[in-house]
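Here are my notes on this model. Keep the structure open beside them and check each point as you read.

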Amino acid sequence: MIAAQYPALQVVLALLAAPVCLILRRPRAAWAVATVITWISLAIALSLLGRVWETGVILYPMGDWAAPWGIEYQIDTVNAFMLVIVTLIGSVVMPFARASVEAEIEEERIYLFYCMYLLNLAGLLGIAITGDVFNLFVFLEISSLSSYVMISLGRDQRALTAAYRYLVMGTIGATFYIIGVGMMYMMTGTLNMADLATILPAVADSRTIQVALGFLTVGLGLKLALFPLHLWLPNAYTYAPSAVTVFLAATGTKVAVYAFIRIFFTVFGGVEVFNAGFIPEILAVLAALAMIGASVVAIYQTDVKRLLAYSSIAQIGYMVLGISMVTVTGLAGTIVHLFNHAIMKGGLFMAMGCILFKIGSVQLDQFEGLGKRMPVTMAAFVAGGFSLIGVPLTVGFVSKWYLVQAALEKGWWLAVAAILVSSLLAVIYIWRVVEVAYFRPPPKGSAEVSEAPLSMLVPLWILIGASYYFGIDATRTLDIAFVAAETLFGPPQ
Amino acid sequence: MVFMAATSFAVARLRNLFGVVMLTGIFSLMSAVLYVVLDAVDVAFTEAAVGAGIATVLMLGTLALTTSEERVSEAGKPVWALALVVATGLVLIYGTFDMPPFGDPYAPIHHHVAPRYLEKSGQEIGLPNVVTSVLASYRGYDTLGEVFVIFTAACGVLLIIGRPKRGRRRTLRMKVGEMRHGMRQNVILRVVSKLLIPFILVFALYVQWHGDFGPGGGFQAGIIFASGFILYALIFDVDTSRMVVPSGVTRLVLALGVMLYTGVGVAGLLRGGNFLNYSVLAEEQTAGQHLGILLIEFGVGLTVAAAMITIFYTFARQEH
């Protein structure tokens, strides 16, 4: 009986827990509430994915008002997989967060931090689960507001500027999105995604809908940091508190990529948007520029967190490249990369969190001799770095393999070249860190060995381990990704 | 509309931020009028109270903390930004060419979901105000989300500027303190506001409980209530008003409001319906809907009022 209510509980539990944290006002209690809730959410997400896998799409009308009159949750393989990604990262971050947050945020503000964290989680889940374009906007607002706030909590003063910049860009993105939604509503009279998909083809030739599509693309492009709309991302990721960077880098942009896919393939699924104009070509070129350009910039960074942030922009390039191919293989590559990048980048940023916890800085020159001083953390960084490069047996290899395969199917040789070049550049920027950490002697007077606490190392190694586990045995994630890609191409049901 | 355009142009040109804040207040009032013309009375209500009232107060508070003169940046004229804005505007205008004409009865929005709201909401929900039915029940989940947006904003303000006090703002605080003092001695302001505040609060309650029959509801009521309260704090003293409602209480109410809303949703779930199904709350469908809407609107009102007061307190504490 209660299983039928899982779709609502997936989001509502986290929503309800946020005010509870506000009332509790104790850091540890708030942490405990948040941890329990994220773990329950993970269990719910897994069970939803299992149910979708066996029985197909789950529909859940809010308040029992059938769509399109009411708001309906519509869960298929694609968003069930997204829910698992978000809750999985959320649950792994929680144990890590306790020590890390205590070190980076003043004690009297920690309970509010967890309140924000839960709201952010609920917002991202709400975006992923909903079948209604306006409802998506509402939850986009919740998740964006809470992420601006969380970013601004970084210890560095520049975190405030970074958050403000993200706020301006993010608000423009959300406004563009809602303008697009408003125009679609004007021409169709509905906000439900499935309903839009059936009505849109009839009015697709109108200029209003064309403009709507443009606004939706730019709006979501800002949110997912598509090159050249990525300017907010490096500073936001660099100056945010470690736990926030891990969570946002692994989930925030991924959910935006998901929303992008949803709008293009489901809402505009009946309209052949990709055949008209040069949309795929434009996306592919932007993606390639992001992959190569951002990787080159990453090489020159002296702040390792910022280096990883630029690498994230390059990785988003891979995802957009997969979308731009408009084939099942390409899209499956993107979807599997959503998961793969989430775990490996989450792991790498956790390593940064551990270093920040012990050393107090992630500037490259502070890394000297770190291979000896923090062996467990640095080993995890190297392992995660392999995955970022795409060494076989890692998840990075799996995603790149399928993206290359999709590019070959299309005969896009330049795209294949871009993937290879970008991987080579990744070798360089990871190597720079490894060189400093392992081949330079530790500065004199530094402590021999001092590792981050286990509560931080275990989550770190869970993510790094997962990026090998799913790299060696990728059948499960790939099956899901391919079924998801086929659903997106299937007729709108 | 012409006035609005002229105002926004003036806002962009003006360097004195105090004037800018006043003009944005005027802009909000005019857009409220525009909403009334467009028959969106509920939106007009909110716009007038938030845009013209509370937002202005908060912006003035910010000015008191920072400075009221804009620094002219040295970096050349932002030609690219202007070009981008103009291009976006042109694209928007291009998009309007194929829009159905204003007030067209054959426009798609009047023929897809709207007819059911208009024809059946009487039977299904039993409220004369269709807007309330749509907001609170058919699309109640969106409204829940919006209340959480406000909740997030209030918590965010608490988290960012609710920091422990710092010394360097003392001079500014004194300046604001003098201003406050001046206001308290102003007899006209004191008497008029004392006369008005009870009515404002009662009106807020009316809007709250009457939202199902006329325009209004929790959002508007919460804001009107909060603005009455903030008026008091402005004229008399923030500390005095804090004695009436301590900030711990507003924080609690802030949380309780959203929890009440969500709780009603969960109650529907426990009684065998889906989340936010109010029909199962009572024997009869319409009675259940009525009860559910009344409760959630109360939750909205609580959170909105508490959020506004919390934000105001947090700003004011910076000054004091």
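1. Start with the core. The largest nonpolar core has 283 residues, and those touching the most other members are A14(A), C21(A), A34(A), F113(A), Y114(A), C115(A) and L118(A). A nonpolar core is a set of buried Ala, Val, Leu, Ile, Met, Phe, Trp, Tyr and Cys residues joined through C-beta atoms within 7 Å. Domain 1 (1-98) and domain 2 (129-320) of chain B each give this core at least three residues. Those domain bounds come from an automatic or database domain assignment.

2. Before going on, note the ground rules. This is a predicted model, where local features need pLDDT of at least 70 and side-chain atom pairs count only at pLDDT 80 or more, while totals for chains, interfaces and linings use all residues. Residues are numbered from 1 along each chain as its sequence is written, and chains are lettered from A and ligands numbered from 1 in the order in which they are written.

3. Look at L118(A). Leaving out residues up to four places away in sequence, L118(A) touches A14(A), A17(A), A18(A), C21(A), A34(A) and I37(A). Contact means C-beta atoms, placed from the backbone, within 7 Å.

4. Next, the chains. In chain B, 45 residues are in contact with 48 residues of chain A. α7(B) supplies the largest share of chain B's side, 14 residues. By class, that side has 26 nonpolar, 13 polar and 6 charged residues. Ala, Val, Leu, Ile, Met, Phe, Trp, Tyr, Cys and Pro count as nonpolar, Asp, Glu, Lys and Arg as charged, and the others, Gly among them, as polar. Helices (H or I, at least four residues) and strands (E, at least two) are DSSP runs, numbered from the N terminus.

5. Most residues other than glycine have a negative phi, and most peptide bonds are trans. A cis peptide bond joins F227(A) and P228(A), with omega about 0 degrees. P228(A) sits in the loop between α8 (207-224) and α9 (233-239) of chain A. L276(B) is not a glycine, yet its phi is positive, about 70 degrees. L276(B) lies in the loop between α12 and α13 (285-319) of chain B.

6. Is L276(B) buried or exposed? L276(B) counts as buried because it has 31 C-beta neighbours inside 10 Å. The cut-offs are 20 or more other C-beta atoms within 10 Å for buried, 12 or fewer for exposed, and in between for partly exposed, with C-beta atoms placed from the backbone.

Technical notes: Contact = placed C-beta atoms within 7 Å.
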